Amino acid sequence: MATETFEFQVEARQLLHLMIHSIYSNKDVFLRELVSNASDALDKLRLAALRDDSLGADISDLHIEIDIDKDARTLTVRDNGIGMSYDEVTQLIGTIARSGTAAFLKELREAQEGAGGDGLIGQFGVGFYSSFMVADEVSLLTRKAGESGGTRWSSRGEGTYTLEAVADAPQGTSVTLHVKPADPDDQLGDFTEPWKIRETVKRYSDFITWPIRLATTPQPEEVDGEETPEAPAAPVAETLNSMKALWARPRDEVSDDEYHELYKHISHDWRDPLETVRLQAEGTFEYQALLYIPAQAPHDLFTQGHQRGVQLYVKRVFIMDDCEELLPPYLRFVKGVVDAQDLSLNVSREILQQDRHILMMQRRLTKKVLATVKDLRTNAPDRYATFWREFGAVLKEGLITDSGNRDAILAAASFDTTHDADEPTSLAAYAERMKEGQNDIYYLTGDSRTALENSPHMEAFRAKGIEVLLLTDPVDEVWVDAVGEYDGKGLRSVAKGEIDLDTAEDDGEAADAGKEKRDEEYAALLTWMTGQLGEEVKEVRLSTRLTVSPACVVSDSNGMTPALENLYRSMGQDVPTAKRILELNPGHPLVKSLNDAHTQRPEDPALPETAELLHTLAVLAEGGRPAEPARFVKLMADRLERTL
């Protein structure tokens, strides 16, 4: 049959124009598309041969071959798969109406009401047509298994293509690209260089089931700087891909060393992972996942530019390196691979965000990771301790952002506690140890365990043996308010609101009578100090939480702590400074003496300074700083001088 020339349909011409003038930032994915097509053809041939013994196809050495000719500047991707008939080439390659690309474009236009479709096509892979991003001319030679004749298709991407029947085509399909010269400014590499082919195949197609072979010619040996006059060596077939899709192999066929090597390959971490998480989902939507929890947090875990997400494969073809949609941000430390069977290769981030299958995968993967962390605490406490030290702070972000998994996160979390200086506790264990009549889980936030243990707010709790959680991560300031309660028990800060630690064992009537007497005795002092310190504090009142210190400052029950205010300000939010409450210990000699002095000498000019010093000492005791450090130093120096 003579060669015939045809015109592309309008849609195909538009698509070719987008490819040739592509804004594609990653042009080497064309090779991923061609290798994927070849892999599909091999899969189809193997299945057809099993179903039809009369097909007569040789499936003993199914493979993909890549040839390069540097002189002619051609790149050929060849397979010995199912091949295509003349009619199939016409339908699948020559026109776009029957191609997956057209359906993809149609779906995008329908979903977005015509807006942004072309832009997305320009950004994401479109199979065979992506070859025109790197080639001036593309030709295809194919013969379908079981047929005697073949078909040649050719185009320069200028609106037309040619078709002809050929008699001597080998079984399978070969696609030959006349590649453009390398252009670094256009992010176009030189695809006639073997190293570039190796790099691209390793990145995108390393886990393809079939061997991908590159025909290379060994270089002549040199003797004293001169090449030996031997005949040129025969080309050698070099297998480029490992073909080790570990996630698709049974667990008992894969060693821990193999799992660890894959982790090091995808994470660029020289350490072994802390834990390996396997998941295989079957049914209406099939996928395999092989996830890793690292042994050490990366240095940029909390920086805005941190790259998160796991690698996404579709039928063992690499799609993207950091698929953020597969795991929530608070699991951004997890590395690994997810291989879906039913997604399109031409999938964009915009589509992933809306795909219900992706959302289902995210929910299941998240639950699996959280369950694994919980199991670590039960079955491998040493490894769990490492995990919590490295990733506990980021995991607690999920308590704020993921209410649906809040219970699972709390079940996997642990917290420092006054119960044991060396062993963190779970909330469930804390609840079991709560004293009779205790209704709340008490906590205190701050910069360090030492500072919290020495805080005046802890004195009454220490005296009564009531356990307090010691929370020292910045995120703790936020999640405790977001969560609010655990198993019906409120989460309550020991530095906020009024605290009543009286138990049923106390003499209720005697206690009430004593409180009324103290309130009456100190009423004048409290009123005077509230007025005196009005610019700094909201109120001055007697404390039930102090046993040793003379005073402390606390926030309202629903107010922000200074640390939380500073956290929001560091995030660029304008937060007004809230006045706090000064609490006095009526049993402390300094407070008693101040009350007596105010009763006897209310006009004494030294009393305001004493009240100011008492407030500043309370601020210092919780780790704050004086509003006017120089004035505080002067007042203290004057007082010390008068004592000598």
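1. In what order do the six strands of the open sheet with mixed pairing run? The order is 18-17-20-19-22-21. Strands here are DSSP runs of E, at least two residues, and helices are runs of H or I, at least four residues, both numbered from the N terminus. Two strands pair if DSSP finds at least two bridges between them.

2. This is a predicted model: local features need pLDDT of at least 70, side-chain atom pairs count only at pLDDT 80 or more, and totals for chains, interfaces and linings use all residues. Residues are numbered from 1 along each chain as its sequence is written, and side-chain values use heavy atoms, with hydrogens and water left out.

3. Strand 17 (residues 415–417) is antiparallel to strand 20 (residues 469–471), with two bridges. Thr 417 sits opposite Leu 469 of strand 20.

4. Helix 16 (residues 476–483) packs on that sheet. Its contacts (heavy atoms within 4.5 Å) include strand 17 and strand 19 (440–445). Its direction makes about 160 degrees with that of strand 19. Axes are lines fitted to C-alpha atoms, for helices over the stretch in contact; angles run from 0 to 180 degrees between N-to-C directions.

5. A nine-stranded open sheet, also of mixed pairing, has the order 1-6-5-4-7-3-2-8-11. Strand 1 (4–7) and strand 11 (236–239) each have a single partner strand, so one side of each lacks a neighbour in the sheet.

6. Strand 8 (residues 212–216) and strand 11 run antiparallel, joined by four bridges. Arg 213 has Thr 239 in strand 11 as its bridge partner. Helix 6 (residues 194–204) lies across strands including strand 8, at about 175 degrees to strand 8.
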